[in-house]
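Please read the points with the coordinates open.

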Amino acid sequence: MKLGIVGLPNVGKSTLFNAITSAGAESANYPFCTIEPNVGMVSVPDNRLDFLTKMSNSGKTVPAVIEFFDIAGLVKGASKGEGLGNKFLSHIREVEAVVHVVRCFEDENVIHVESTVDPKRDIEIIELELILADLEVMSKRLERLNKLVKNDKSLKPELELVQKLVDALEMEKSARYLEYTDEELKLLKTFNLITAKPVLYAANVDEEFLADPSSNEFVKIVKEHASKDNSEVIVVCGKIEEEISVLEEEEKKEFLQELGLKESGLDKLIRASYQLLGLISFFTTGPIESKAWTIKKGTKAPQAAGKIHSDIERGFIRAEVSSYDDVVEYKTMNAVKEKGLMRLEGKDYIMKDGDIVLFRFNV
């Protein structure tokens, strides 16, 4: 899963990025690696995977991984090359969802690029830059299609969709606000538009508002904006996430309890991202390794097998499936099988969150 983190300078975006990647690396012992200065990979904490590793005495634990892109340099005029915008806008086209960090704290020591704290204005600046970036791409595509369609009528549906998008973008309307037919949706995915991607807002607050964000007027403004397209808002504190990121697991739990919190900002972000993208996890386990695999809700068994290897999907015979809850109750896979709770599922089986699977195949 790839997530792009956007926001104006000095809203806490890079602080949050650095904190959550460090925290994730420590919490699951996954080596944090920087592919480029603004790209990091973090493991997804999952207690279920820890249990399976112990149960199977696995030599290795392989968690699911999220790739974070810190889209730096976005300022007013980024779409026209101001700041470092153009350089990093290309990265965000590759992500599956956008995490928009919004400053919801006052701090005279942290200068706001627009002089004052105003979440509505800040959100609109970023959204407009992303709209303008998409408009530039779609306008060029429209110009090219208008020439090609004269000799190739099969391009007419694409031309009509691109015109529809250009009209909306010119009205400063994001692509995700439009309604599409099934055929249009298939085409839309090939365009890789930034404004068509789902958005999760991260309201960055002072520590005093973390336990009760409802009293923060800035957060209310972010939630009001997010409600327009049914986007979720998570409340985080970049400073606290930085402190948490250097703690051991037990210290982390105690620290969160002292703050009156059930989970860290990283955990909230991951949970909300999975929900936003409609993702679930299934597991494979054995003496060599226990591993978490991320798939879309509604994925059938052969396609899930394909996440492991294309040969397994191609030669799929059946899936031997146990539920995580049954395995926890009866302690071992063999005990689950003896109780008759291990199921043999065929090609039409729709995978469920927490399934523990052994795929049988022949190629």
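1. Overall architecture. The model is a predicted one. Its protein chain contains 14 helices and 13 strands. Of the 363 residues in the chain, 51% count as buried. Among contacts with a separation of 6 or more, 68% join residues 24 or more positions apart.

2. Packing of H5 and H6. Two packed helices are described by the angle between their axes and the distance between the axes. Helix H5 spans residues 156-170 and helix H6 spans residues 182-191; their axes come within 10 Å and cross at roughly 70°. Since the range from 65 to 115 degrees counts as roughly perpendicular, H5 and H6 are therefore roughly perpendicular to each other. The crossing of these two helices is right-handed. On the H5 side, the contact is made by Pro157, Glu158, Leu161, Val162, Lys164 and Leu165, and on the H6 side by Glu184, Leu187, Leu188 and Phe191. Sorted by class, this contact has seven nonpolar residues, three charged residues and no polar ones.

3. Leu185 in H6. Helix H6 also holds Leu185. This residue has a relative accessibility of 36% and therefore counts as partly exposed. Leu185 and Leu161 are separated by 24 residues in sequence, and their C-alpha atoms are 9.6 Å apart in space.

4. Leu169 in H5. Is Leu169 buried or exposed? Its relative accessible area is 1%, so Leu169 is buried. Leu169 belongs to helix H5. Residues up to four places away in sequence aside, Leu169 touches Ile131, Asp134, Leu135, Met138, Ala175 and Thr195.

5. Although Glu172 is not a glycine, its phi is positive, at about 60°. With a relative accessibility of 54%, Glu172 counts as exposed, because the cut-off for that class is over 50%.

6. Packing of H4 and H7. Helix H4 (residues 119-148) packs against helix H7 (residues 217-226) at an angle of about 40°, and the two axes are 9 Å apart. The pair is therefore oblique. Which residues of H4 and H7 meet? Pro119, Lys120, Ile123 and Glu127 of H4 meet Phe218, Ile221, Val222 and His225 of H7. The classes represented in this contact are five nonpolar, one polar and two charged residues.

7. Packing of H8 and H9. For helix H8 (residues 238-245) and helix H9 (residues 249-258), the axes come within 10 Å and cross at roughly 150°. Angles over 145 degrees count as roughly antiparallel, so H8 is roughly antiparallel to H9. Ile240, Glu243 and Ile244 of H8 make the contact together with Lys252, Phe255 and Leu256 of H9. By class, four nonpolar and two charged residues take part, with no polar residue.

8. Ser290 in S10. Strand S10 covers residues 289-296 and includes Ser290. The relative accessibility of Ser290 is 0%, so this serine counts as buried. Which side chain forms a polar contact with the side chain of Ser290? The partner is the side chain of Ser58, at 2.7 Å. Apart from neighbours within four places in sequence, the residues in contact with Ser290 include Leu49, Leu52, Thr53, Ser56, Lys60, Thr61 and Val62, and also Thr284 and Thr285.

9. Asn57 between H2 and S4. Asn57 sits in the loop that links helix H2 (47-56) to strand S4 (60-62). Its phi is near 50°, which is a positive value in a residue other than glycine. At 63% relative accessibility, Asn57 is therefore counted as exposed.

Note on methods: Residues are numbered from 1 along each chain as its sequence is written. This is a predicted model: local features need pLDDT of at least 70, side-chain atom pairs count only at pLDDT 80 or more; totals for chains, interfaces and linings use all residues. Side-chain values use heavy atoms; hydrogens and water are left out. Axes are lines fitted to C-alpha atoms, for helices over the stretch in contact, and angles run from 0 to 180 degrees between N-to-C directions. Helices (H or I, at least four residues) and strands (E, at least two) are DSSP runs, numbered from the N terminus. Angles under 35 degrees count as roughly parallel, over 145 as roughly antiparallel, 65 to 115 as roughly perpendicular and the rest as oblique. A crossing is left-handed if the near helix is turned anticlockwise from the far one by less than a right angle, and right-handed if clockwise. Contact means heavy atoms within 4.5 Å. Ala, Val, Leu, Ile, Met, Phe, Trp, Tyr, Cys and Pro count as nonpolar, Asp, Glu, Lys and Arg as charged, and the others, Gly among them, as polar. Buried means under 20% relative accessible area, exposed over 50%, partly exposed in between (1.4 Å probe, protein chains only). A polar contact is a pair of N or O atoms within 3.5 Å; within protein, one must be able to donate a hydrogen and the other to accept it, and residues adjacent in sequence count only if both atoms are side-chain atoms.
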